Amino acid sequence: MAGDTQQTSGEYIKHHLTNLTYGKHPDGTWGMAANAEEAADMGFWAFHVDSLAWSGGLGILFCLMFFMVARRASSGVPSGFTNFIETIVEFVDNTVRDTFHGKSALIAPLSLTIFCWVFLMNLMDLIPVDFIPTVVMDWGLGIHYHKIVPSTDPNITLAMSFSVFFLIIFYSIKVKGIGGFIGELTLHPFTPPNAVAAIFLVPINLILETVSLLAKPISLGMRLFGNMYAGEFVFILAAAMLGTYQFVGSWPWAVFHILVITLQAFIFMVLTIVYLSMASEDH
Amino acid sequence: MSINATLIGQVIWFALFVFFCMKFVWPPIVGALNERKQKIAEGLSAADRAERDLELAQEKATANLKEAKDKAAEILDQANKRANQIVEEAKDQARAEGERLIAQAQGEIDQTINQAREQLRKEVAALALSGAEKVLASEVNRDTHGKMLEQLAGEL
């Protein structure tokens with residue numbers, strides 16, 4: 001177990017689920033939170049430094065990997081790494097083509113970024129739970145809390161899903177106009193034949209459509225968060241119960257989890273494409 | 001587990017990476033992929049064309065060969081015919097020449113025989129006459145017995 005060997009299992013698990021937080025203390029000063037309670041007291045103005053650092057680092061890794069290939073991309077015979085990257089690009093391109101029928105320079109690169117980035121963030125789940133925390137705690141940095149899987153942080157997943165939500169609204173208004181967008185919110189799903197009934201049904205339609213609109217980003221973000229959080233929790237439980245022999249529990253789960261990691265990244269990408277294609281299609 | 005300003009940070013990261021990908025990653029890779037696709041399609045169609053060309057050339061070659069064979073056979077035929085004709089002609093010519101020679105020789109022989117006969121007749125007549133003169137001395141007159149002697153000589 002990492003750090004303090006006197007921890008109980010409960011404390012150990014709680015410790016592993018606490019982010020390294022930098023934010024505004026209730027007394028007005030900015031600084032690191034010493035523990036979970038202090039972090040909670042910070043309210044909204046707090047940053048999960050570990051989540052942001054790992055997600056940013058993995059995003060930069062993704063950009064560098066693909067940029068290296070993009071710089072020497074040619075129509076000649078691809079080899080090794082280039083081939084691998086091109087396979088991913090082609091896969092994403094085909095998925096976008098199958099689902100999204102409009103023309104957009106944004107949607108395909110957006111999908112590629114989401115797929116690769118979410119995959120990389122999920123992949124951090126496969127690193128043994130105590131490895132990085134031990135490194136940053138005991139081997140010099142003295143950082144007490146460290147969560148290395150950004151997608152187990154709801155802030156991260158919801159930030160991405162709400163960015164997608166913003167794009168949904170942007171595309172809806174761009175394609176249908178503001179009137180069209182409002183009409184879509186107020187005149188569906190109930191469309192009575194006479195105008196009086198239609199006006200009468202506007203509030204009901206608005207409530208229903210707003211719920212279904214808001215359900216999109218929330219379900220998108222919470223699905224990824226939930227899956228990854230649950231997976232991470234199983235690893236932590238295995239580590240808490242089995243200690244040094246945790247691989248007995250975590251190895252089979254890791255093998256199974258490879259599927260979940262890829263699938264969740266893929267689902268996030270596909271749903272983004274589906275939502276955006278729905279937004280940019282007129283009924 | 002609280003929702004906090006991490007959201008804002010992550011949105012900024014997200015926007016940055018999507019922008020980077022859209023600007024520097026996606027266009028060159030997809031451009032290269034499309035270019036390669038086109039290149040491969042062109043190569044395949046060129047191969048198809050070459051195959052068709054080869055087929056055509058083979059057909060042409062076969063036709064040429066057949067024509068040449070036919071022509072050769074025709075020429076051979078003609079040559080054979082002509083040779084036969086020449087042989088026949090030569091044979092005819094030779095036969096005619098032979099006959100001519102034979103006729104000529106026969107003519108010469110006849111002439112010679114006639115000459116010899118004439119001469120012989122004359123000589124026999126003279127010999128008989130001289131013999132008879134000697135035998136009969138003066139009794140026989142060349143003029144009176146000439147007719148008889150000539151008859152004698154004709155019997156030879």
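Of the 61 residues in the largest nonpolar core, Phe66(A), Val89(A), Leu112(A) and Ile29(B) touch the most other members. A nonpolar core here is a set of buried Ala, Val, Leu, Ile, Met, Phe, Trp, Tyr and Cys residues joined through side-chain atoms within 4.5 Å. Buried means under 20% relative accessible area, exposed over 50%, and partly exposed in between, with a 1.4 Å probe and protein chains only. The model is predicted: local features need pLDDT of at least 70, side-chain atom pairs count only at pLDDT 80 or more, and totals for chains, interfaces and linings use all residues. Residues are numbered from 1 along each chain as its sequence is written, chains are lettered from A and ligands numbered from 1 in the order in which they are written, and side-chain values use heavy atoms, without hydrogens and water.

The top contributor is α5(A), with 11 residues. Helices (H or I, at least four residues) and strands (E, at least two) are DSSP runs, numbered from the N terminus.

Now take Ile29(B). Leaving out residues up to four places away in sequence, Ile29(B) touches Phe66(A), Val69(A), Ala70(A), Ala73(A), Ile85(A), Glu86(A) and Val89(A). Contact means heavy atoms within 4.5 Å.

Next, the surface. Tyr22(A), Trp30(A), Met32(A), Phe44(A), Trp45(A), Ile3(B), Ile8(B), Ile12(B) and Leu16(B) form a nonpolar patch there. Together they have about 850 Å² of accessible area. Such areas come from the Shrake-Rupley method with a 1.4 Å probe; for residues, only the protein chains shown count as cover. Patches are made of residues with over 30% relative accessible area and no salt bridge; like charges are joined within 9 Å, nonpolar side chains (Val, Leu, Ile, Met, Phe, Trp, Tyr) within 5 Å. Both β2 (30–32) of chain A and α1 of chain B supply at least two residues of the patch. The largest share, 3 residues, comes from α1(B). Ile3(B) sits in the segment before α1 of chain B. Ile3(B) is partly exposed, at 40% relative accessible area.

Chain B has 2 helices and 0 strands. Its C-alpha trace spans about 195 × 20 × 15 Å along its principal axes. The radius of gyration of chain B is 61 Å, whereas a compact globule of 156 residues would have one near 15 Å. That radius is taken over C-alpha atoms, and the globule rule is 2.2 Å times the number of residues to the power 0.38. Of the 156 residues of chain B, 13% count as buried. Chain B exposes about 12400 Å², 60% of it from carbon and sulfur atoms.

Last, the charges. Side chains of opposite charge can pair when their charged atoms come close. Over all chains there are 7 salt bridges, each a side-chain nitrogen of Lys or Arg within 4 Å of a carboxyl oxygen of Asp or Glu. One joins Lys176(A) and Glu184(A) at 2.9 Å, N to O. Both residues are buried. Another joins Asp70(B) and Lys66(B) at 3.8 Å, N to O. These two are 4 residues apart in helix α1 of chain B, so about one helical turn separates them. Asp70(B) is partly exposed at 45%, while Lys66(B) is exposed at 54%.
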